[in-house]
Amino acid sequence: SGSKNLSFWVETVQSELGVPDVVFCLDSGALDYKQMWLTQSLRGGLNGYLQVELLKEGIHSGIHGGIVPCTFRIARMLLSRIEDEMSGEVLVPACHCDIPKDVLEHMKQLDGLGDDLFT
C-alpha cells in the first residue's frame, strides 16, 4: 500500500490481528458491488521530500549583484527530470518495466466485458 499510515495501524491492532491465515487489503477499489474484485497488481508509488533553498536572509540587489532564481522554478526543473509535466510520462528508465504476459491477457479479458462494466 502507498499509505504512510498502514504500518502504524497494523502495529496498533497487531494483538487483535494475531497471525491471520489470509489477509484481504480492500484499498484498490472495485467496479461494482455485485461481486468480489481482485487486484492483481498496482502501480508503484514513490514518496519523496524536496526542499529548495537559496538565501538564508534577504539580500539587497544593490549590494550583492545578480538575480536570485525562483525556488519554485528550480523545483519544477528538478521534477521535470523525473516526469514530463505536460504528458505525465515518467522519464526515469528504472521506473519502467515490461508488463507480464498473463497481466496483458487479463487486461484483454477485462476489456472484453464491455462498457456495461463501468456503468
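Mentor: A residue is called buried when its relative accessible area is under 20%, exposed when the value is over 50%, and partly exposed in between. Phenylalanine 8 shows how the terms work, because its relative accessible area of 47% makes it partly exposed. Please keep in mind throughout that this is a predicted model.

The protein chain has four helices and zero strands, and reading along its sequence gives the pattern α-α-α-α. Of its 119 residues, 3% are buried. The accessible surface amounts to about 11,500 Å², and carbon and sulfur atoms account for 58% of that area. If we take the contacts between residues at least 6 apart in sequence, 33% of them link residues at least 24 apart.

Leaving aside residues up to four places away in sequence, isoleucine 74 touches Val52, Leu54 and Pro69. Valine 52 is 22 residues away from isoleucine 74 along the chain, yet the C-alpha atoms of the two are separated by 7.4 Å.

With a relative accessible area of 31%, leucine 78 is partly exposed, and together with Leu50, Leu79 and Ile82 it makes a nonpolar surface patch of about 300 Å². A residue must have over 30% relative accessible area to join such a patch, so the 31% of leucine 78 passes that limit.

Charged side chains come next. Side chains of opposite charge can pair when their charged atoms come close. The structure holds two salt bridges. In one of them, arginine 76 and glutamate 85 meet through their side chains, at 3.7 Å from N to O. Arginine 76 is partly exposed because its relative accessible area is 27%, and glutamate 85 is partly exposed as well, because its value is 43%. Another salt bridge joins glutamate 53 to lysine 56, where the closest N and O atoms are 3.1 Å apart. Lysine 56 counts as exposed because its relative accessible area is 77%.

A disulfide is a covalent bond between the sulfur atoms of two cysteines. A search of the whole structure finds zero disulfides. Cysteine 95, for example, is in no disulfide, and the nearest cysteine sulfur, which belongs to cysteine 97, is 9.8 Å away. Cysteine 70, for its part, is partly exposed because its relative accessibility is 38%.

Finally, let us return to the residue we began with. The whole structure contains one aromatic pair. This pair is formed by phenylalanine 8 and tryptophan 9, with 4.9 Å from centre to centre and 75° between the planes, and its arrangement is edge-to-face. Planes over 60 degrees apart count as edge-to-face, so the angle of 75° explains that label.

Methods:
Residues numbered from 1 in each chain as written. Predicted model: local features only at pLDDT ≥ 70, side-chain atom pairs only at ≥ 80, totals over all residues. Heavy atoms only, no water. Patch = residues over 30% accessible without salt bridge, like charges linked within 9 Å, V, L, I, M, F, W, Y side chains within 5 Å. Areas by Shrake-Rupley, 256 points an atom, 1.4 Å probe, with all protein chains shown as cover. Salt bridge = Lys/Arg side-chain N within 4 Å of Asp/Glu carboxyl O. Buried < 20%, exposed > 50% of the residue type's maximum accessible area, 1.4 Å probe, protein only. Helix = DSSP H or I, 4+ residues; strand = E, 2+ residues; numbered from the N terminus. Contact = heavy atoms within 4.5 Å. Disulfide = S-S within 2.5 Å. Phe/Tyr/Trp six-rings, centres within 6.5 Å; stacked < 30°, edge-to-face > 60°.
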